[in-house]
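Reader: I would like to know what lies behind the labels used for this model. Please set each value against its definition.

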Amino acid sequence: MAPNTSNTTLGVLMIIKNEAKHLAACLETVKDWVDEIVIIDSGSTDESETIARRYTDKFFRYDDWPGFGPQRQRAQQHATTDWVLVLDADERVTPELKTAIQSAITANPTGVAFKINRLSDAFGKTIHHSGWSPDWVIRLYRRDETRYNDALVHEKLLTDGLTVRPLDGRLLHFTYDNLHHYLGKTTQYLKAWTDEREGRKKAGLSTALLHALASFLKMYILKLGFLDGRHGFILAWLSMHSTFVKYIDLWLRDYQKERNQ
């Protein structure tokens with residue numbers, strides 16, 4: 001790692017598990033211009049740790065899983081830099097985005113967080129519609145001004161009192177390698193979604209069907225998924241299936257509780 005050229009310092013925060021396929025490619029895009037890289041591992045069984053240690057000595061392993069929000073908070077607790085850039089292993093910083101980030105931290109504003117526009121690839125195809133693009137995510141902020149919330153899934157940065165500004169450049173996101181990769185990732189998200197709402201949100205068969213159908217129509221028609229060709233249809237159908245599964249899971253948990261009372 002080589003430090004950035006301004007007096008302010010910048011660190012990368014990552015949470016990973018079994019990301020050996022993507023990790024090196026991600027870290028190669030930041031290794032030469034950030035001051036530190038903090039990686040929190042939640043129990044990888046592949047070569048993730050070996051790869052991570054080639055790029056940083058700030059590698060920490062926690063075998064428990066508290067949820068996405070708390071895990072990102074853990075990563076931030078190990079950081080020491082003025083600014084932090086949050087990345088996932090399946091993301092890549094483009095040269096244009098690197099320049100924008102360096103300019104932002106050189107200016108070193110207070111009370112500001114920066115959002116980045118991701119461009120995602122799914123099953124080998126770049127997705128330009130389907131509600132996937134533009135995809136603004138808040139990822140660059142001063143370490144002492146905010147943190148992520150406690151959400152188990154779909155965690156968000158706490159931005160009350162902050163001004164959110166866009167950065168030029170794109171963050172490339174290689175989200176799903178294949179269908180099995182999709183199923184593995186979404187299973188974790190769906191369980192966390194249901195865990196967070198169990199006992200607080202009601203669902204039934206009709207609810208699941210309506211939400212699933214609405215998900216497909218929104219993604220494929222309203223968000224122009226049909227312009228992404230066959231991949232757009234596949235993604236909309238998979239979204240419909242995932243939506244149905246999470247609402248049915250919620251209903252089944254309530255049903256089984258009531259039956260056992």
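Author: Start with the cavity. On a 1 Å grid over the protein atoms alone, a cavity is a set of points where a 1.4 Å probe fits but cannot get out. Lining residues have an atom within 4 Å of a point. Grid points are joined across faces, edges and corners, and a volume is the space filled by probe spheres set on the points. The largest cavity has a volume of about 30 Å³. The model is predicted: local features need pLDDT of at least 70, side-chain atom pairs count only at pLDDT 80 or more, and totals for chains, interfaces and linings use all residues. Residues are numbered from 1 along each chain as its sequence is written, and side-chain values use heavy atoms, with hydrogens and water left out.

Reader: How many cavities of 30 Å³ or more does a search of the whole structure find?

Author: The search finds 1.

Reader: Which residues line the largest cavity?

Author: Its lining consists of Leu13, Met14, Ile15, Arg72, Ala75, Val86, Tyr141 and Tyr148. Strand S1 (10-16) and helix H3 (68-77) each supply at least two of the lining residues. The largest share, 3 residues, is from S1. Helices (H or I, at least four residues) and strands (E, at least two) are DSSP runs, numbered from the N terminus.

Reader: Why is H3 called largely enclosed by the rest of the structure?

Author: Buried means under 20% relative accessible area, exposed over 50%, partly exposed in between (1.4 Å probe, protein chains only). Of the 10 residues of H3, 9 are buried, so the helix is largely enclosed. The cover over those buried residues includes S1, S2, strand S4 (83-86), strand S8 (136-142) and H5.

Reader: What makes glycine 69 buried?

Author: Its relative accessible area is 0%. The cut-off is under 20%, so glycine 69 counts as buried. Glycine 69 is in H3. Contact means heavy atoms within 4.5 Å. Beyond four places in sequence, glycine 69 is in contact with Tyr148, Asn149, Asp150, Ala151 and Glu155.

Reader: Why is serine 42 called buried?

Author: The value is 9%, so serine 42 falls under the 20% limit. Serine 42 sits in the loop between strand S2 (36-41) and helix H2 (48-52). Its contacts beyond four places in sequence include Ile16, Tyr62 and Trp65.

Reader: What makes the peptide bond from serine 133 to proline 134 cis?

Author: Its omega is near 0 degrees. Proline 134 lies in the loop between strand S7 (125-126) and S8.

Notes:
1 Å grid on protein atoms, 1.4 Å probe; cavity = no way out; pocket = protein on both sides within 12 Å on 5 of 7 lines; lining within 4 Å.
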